[in-house]
Amino acid sequence: MSTQDLFREDAQLRECEATLLRADEHGLLLDRTVFYPQGGGQAGDAGMLTLPGGRELLIADTRKGEGGEILHLPAPDQDLSGLDAGTPVTARIDWSRRHAHMRFHTATHLLCALVPHPVDGCSITAGYARLDFHMTDPLDKDALTAGIARLVAEAHPVGHRWISDEELEANPTLVRSMSVQPPRGTGRVRLLAIDGVDLQPCGGTHVANTAEIGAVVVTKIEKKSAKTRRVVLGFATVDTSASSPASASVTSA
Ligand SMILES: [Zn+2]
């Protein structure tokens with residue numbers, strides 16, 4: 001049974017009421033959720049489920065299951081007794097972690113607009129984001145940081161809409177304007193549009209306006225291979241709740 005994915009329509013939702021459908025070794029399945037499951041390069045959400053009587057269950061991560069299921073993975077050492085199907089729960093995400101994902105994720109769209117080359121790979125966490133571009137030309141760290149800062153300051157609205165495969169076929173110009181080619185054959189595609197900046201198919205969570213991204217800087221540019229340039233982003237101020245990879249140093253303000 002697929003889970004109703006409330007974050008897909010409203011990424012700003014922090015909590016929702018839901019019903020527990022199943023609890024097993026694969027995780028906790030709810031009928032609906034605000035928890036984003038790891039995918040499209042974006043890390044899964046963490047947070048808490050509150051059970052009747054106020055008992056709280058820590059959720060460490062969220063993954064996709066079979067057939068559109070979204071599985072909430074309990075943190076180690078959580079008491080998983082008495083989790084019967086039909087139990088009402090309040091599902092609440094760790095908002096500071098998710099908002100960091102949303103800020104970085106939207107910033108990667110700005111990078112796509114600044115670096116017009118195909119994307120090879122992408123990873124978005126609360127502490128950093130990295131994007132691999134298929135290209136051979138060198139990239140300038142300071143110029144990219146300035147480009148992102150300009151697009152953030154310009155405060156472009158960010159929104160999404162769904163488009164059918166038929167509409168896509170009927171609008172070849174639309175497809176040509178996208179920085180990433182849309183997948184075909186699924187019936188419909190979710191398009192993420194940053195007004196005047198970027199348009200591409202994307203199922204992740206984003207902020208509502210580029211101004212909400214705040215101060216993001218390019219911390220590192222790496223030549224991953226002869227034909228891949230990796231760009232690493234960090235927040236310009238240290239977020240003590242965020243983890244940072246050994247390969248990226250987050251600049252303190
Ligand atoms: Zn996106």
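Reader: What makes E14 and strand E15 count as a pair?

Author: In this predicted model, eight bridges join E14 to strand E15 (residues 228-235). A pair needs at least two bridges, so E14 and E15 qualify. The two strands run antiparallel. One of the positions involved is serine 225, whose bridge partner in E15 is threonine 228.

Reader: Which elements does H1 lie across?

Author: H1 lies across E9, E10, E14 and E15, and its direction makes about 140 degrees with that of E15. Helix H2 (residues 141-153) also packs on the sheet, where it touches E14 and E15 and runs at about 135 degrees to E14.

Reader: Why are E9 and strand E14 said to stand at the edges?

Author: The open sheet has four strands, in the order E9-E10-E15-E14, and its pairing is antiparallel. E9 and E14 (216-225) each have a single partner strand, so one side of each lacks a neighbour in the sheet. From one strand to the next, the twist averages 15 degrees.

Reader: What makes E9 and E10 a pair, and what do they form?

Author: Strand E9 (residues 119-124) and strand E10 (residues 129-134) are joined by five bridges and run antiparallel. The requirement is at least two bridges, and therefore E9 and E10 count as paired. They form a hairpin, with four residues between the strands. Within this pairing, cysteine 122 stands opposite leucine 131 in E10.

Reader: Why is aspartate 132 called buried?

Author: Aspartate 132, found in strand E10, has a relative accessibility of 9%. Beyond four places in sequence, aspartate 132 touches several residues, including Pro118, Lys224 and Thr228. Proline 118 is located in the loop between helix H1 (95-114) and E9, and its contacts outside its sequence neighbours are Asp132, Phe133 and His134.

Reader: Which strands close into the barrel, and in what order?

Author: Six strands close into a barrel in the order E2-E3-E7-E6-E5-E8, with antiparallel pairing. Here the twist from one strand to the next averages 45 degrees. Strand E3 (residues 27-30) and strand E7 (residues 70-74) are joined by two bridges. The threshold is at least two, so E3 and E7 count as paired. Leucine 29 stands opposite leucine 71 in E7.

Reader: How do you know that isoleucine 70 is buried or exposed?

Author: Isoleucine 70 belongs to strand E7, and its relative accessible area is 4%. That value lies under the 20% limit, so isoleucine 70 is buried. Among the residues it touches beyond four places in sequence are Phe7, Leu28, Phe35 and Pro37. The C-alpha atoms of isoleucine 70 and leucine 30 are separated by 7.5 Å, although the two residues are 40 apart along the chain.

Reader: Why is the arrangement around the zinc ion called tetrahedral?

Author: The zinc ion is coordinated by His105 (NE2), His109 (NE2), Cys202 (SG) and His206 (NE2), at 2.0 to 2.1 Å. These four donor atoms subtend angles of 101 to 126 degrees. Four donors count as tetrahedral if all angles lie between 85 and 135 degrees, so the arrangement is tetrahedral. Along the chain, the donors follow the spacing H-x3-H-x92-C-x3-H. Cysteine 202 and histidine 206 are both buried.

Reader: Where does pLDDT stay under 50?

Author: The protein chain averages a pLDDT of 91, and 94% of the residues score at least 70. Over residues 244-253, however, pLDDT stays under 50.

Notes: Residues are numbered from 1 along each chain as its sequence is written. This is a predicted model: local features need pLDDT of at least 70, side-chain atom pairs count only at pLDDT 80 or more; totals for chains, interfaces and linings use all residues. Side-chain values use heavy atoms; hydrogens and water are left out. pLDDT is the predictor's confidence in each residue, from 0 to 100. Contact means heavy atoms within 4.5 Å. Donors are N, O and S atoms within 2.8 Å of the metal (3.2 Å for Na, K and Ca); water is not among the atoms, so sites may look incomplete. Four donors count as tetrahedral if all angles lie between 85 and 135 degrees; four count as square planar and six as octahedral if opposite donors are over 155 degrees apart and all others between 65 and 115; anything else is irregular. Buried means under 20% relative accessible area, exposed over 50%, partly exposed in between (1.4 Å probe, protein chains only). Axes are lines fitted to C-alpha atoms, for helices over the stretch in contact, and angles run from 0 to 180 degrees between N-to-C directions.
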